[in-house]
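Please find below a colleague's note on the model under review.

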Amino acid sequence: MKKFLTAFLLVTVLVFCGFSSQENPREYYASLLGQGIITAQEYEPLERYAFELPESERSPLDGFVIGEITTCAIGEQG
Amino acid sequence: MTGRAGRLRRLLAASLAVNMFLLTVSAGAALGGVAVTVQDNYQADYGVTIPFTRSPRTTDYTFSLYEGGSAAGIPVVSAKVEMTAAQEDVYLPLAYDITGPQSYTLKIEARPLADRIGTDTAAAREFSFTTKPTCGCAAGTAGAFYRGSGSAADPFYVGSQQQLAHVGAHSAANIYQDRDIALSGNWTPIGSQSAPFMGTYNGGGHRITGLNISGDNHGGLFGYINQATIQRLGIETTGVISGTEAVGSFSGVANNSNLISCYAVAQVRSTATSGWPVLGGLIGSNTACLIEDSYFAGSLQCTDGSVNVRWSGGLCGIARELSTVRRTWNIVEYSIGSASLGPNRRMVGGVAGDVSSGSGSECRPGQLGASNNYWSASGSGGPTYAVANSANDMNYDSGVNTGCTQISSFSSLPAGFDPSVWEMGTVTVPTLSGGSKTVAAPVLKVFQS
């Protein structure tokens, strides 16, 4: 348990330190753009809203698709 | 929202995401492009498969299944789904009703990844569906099976009277009974001479109660089986199992079949008024079959009309072509009338009436492969030997007792009975007078849990 808590705190501190070096949101999103995590099309409205997109301007993640749901035995799951 | 607050939120989200990722991986959940972590320890050994194509912008989903046509209330099952593959089947355990169609709603919630929390927003969609028959029959078919494919590894599941009646529509399939079934009304035996049951029926240590049969030639839960196996099934009925040709609790006629770890507590009756009726506690007429670790407790009655021969036996009326019977017992009250062709043609055996082989003009002496069988008889017209006729000579009683022992009662497991299969218990035996008596007797452990 002690080891687990130590690891948890360590990860949190590392992440915090990592982000502390990127305090400028422009730089942060430019970095994401450079890494291909966001697209230029997504970067443009960020820039327009000073890198704080209102909730209504964010893209909903509803672009998933399912096929026909079928019943199965436990040994047959995909 | 200020820039500082936004950064703090991103920081917190990223920190949590990294830690959750580490927790998930430490649980060993990520395999094959999709990791499903079912919540609240929900378990079922069957469920639903959902072909899923994820959004390219997130891998983080929750799938929840709700009973009915909307995602209201508490879901039956909910799971976190971490999907790295673009397209994959997502399996969710779900103990849906196996006895008929059932409607569910699947709610899928998608969450943004940590790096995209400022550009994406969570979304949820709902999909309603109804379970369909898995046996190939059209939706709405009475008694259709809703679980299994009928293979040995994935048998059709049976849980209702209608589904039991539907077994005959899949006569070569593997069947599993997953609960006790109480029958009502007059039962039509499964399988006929032209379309015998040829599959396997595993009772799963469950019982069928309320079996009543009249008006059929071959009376029994099954009418006619061929190259079939029935196992781990109990029949308990206060009704009467009757027929005019071959009658037995499990099957009127059985050829090249197995009856293993089964029992019947019943009254079996021939209603033939002429001809050559066959009557057995478990099976009426049996050719080259195996009966193992099984028992019958009840009555056998064949008194109607003027018939040529009355073949009757505690387990089988006829057991031809070297049938095998081992580790069985029966306690039977008999009421067997005379045969019109002579006193020796009333062939009543404590285990089997007649074991001679062949048929018609090809009849020849035969034998029963018997070991560790025990029989007890009371009433009128009952047996003198375990096997009444083995010589195919109807002019004298050629009875044998090899491998069979007449007993009056059980005080402990008899010789040859495996204590991992059997244990001493009590059995309530129906009597011809309409009452019952409770006796100490070996019972099968598979039915005791």
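The numbered points below set out what the model shows.

1. Basis of the note. The model is predicted, with local features requiring pLDDT of at least 70 and side-chain atom pairs counted only at pLDDT 80 or more, while totals for chains, interfaces and linings use all residues. Residues are numbered from 1 along each chain as its sequence is written, chains are lettered from A and ligands numbered from 1 in the order in which they are written, and side-chain values use heavy atoms, without hydrogens and water.

2. Confidence. The model has an ipTM of 0.80 and a pTM of 0.85. A contact here means heavy atoms within 4.5 Å.

3. Chain A. Its 3 helices and 3 strands follow the order α-α-α-β-β-β from the N terminus. Helices (H or I, at least four residues) and strands (E, at least two) are DSSP runs, numbered from the N terminus. Of the 78 residues in chain A, 28% are buried, where buried means under 20% relative accessible area, exposed over 50%, and partly exposed in between (1.4 Å probe, protein chains only). Chain A exposes about 5,100 Å², 61% of it from carbon and sulfur atoms; the areas come from the Shrake-Rupley method with a 1.4 Å probe, and for residues only the protein chains shown count as cover.

4. Chain B. This chain has 2 helices and 31 strands, and 53% of its 449 residues count as buried. Its accessible surface is about 17,500 Å², with 49% belonging to carbon and sulfur atoms. Among its contacts between residues at least 6 apart in sequence, 72% join residues at least 24 apart.

5. Nonpolar cores. A nonpolar core is a set of buried Ala, Val, Leu, Ile, Met, Phe, Trp, Tyr and Cys residues joined through side-chain atoms within 4.5 Å. The largest has 88 residues, and B:Phe63, B:Leu106, B:Leu164 and B:Tyr201 have the most contacts inside it. This core lies between domain 1 (4–130) and domain 2 (156–447) of chain B, because both give residues to it; the domain bounds come from an automatic or database assignment. A separate second core of 18 residues includes B:Val265, B:Tyr295, B:Val429 and B:Ala441.

6. Aromatic pair between chains. Rings of Phe, Tyr and Trp (its six-membered ring) pair if their centres lie within 6.5 Å; planes under 30 degrees apart count as stacked, over 60 as edge-to-face and the rest as tilted. By this rule there are 22 aromatic pairs over all chains. A:Phe64 and B:Tyr61 form an edge-to-face pair, at 5.8 Å centre to centre and 85° between the planes. The pair crosses from the loop between strand E1 (59–60) and strand E2 (65–66) of chain A to strand E3 (residues 60–67) of chain B. Both A:Phe64 and B:Tyr61 are buried.

7. Aromatic pair within chain B. B:Tyr295 and B:Trp329 are stacked, at 4.4 Å centre to centre and 10° between the planes. B:Tyr295 lies in strand E22 (residues 290–302) and B:Trp329 in strand E25 (residues 324–336), so the pair ties together parts that are 34 residues apart in sequence. B:Tyr295 is buried at 4% relative accessible area, and B:Trp329 is buried at 0%. Ring pairs link both into a cluster that includes B:Tyr263, B:Tyr374 and B:Phe410.
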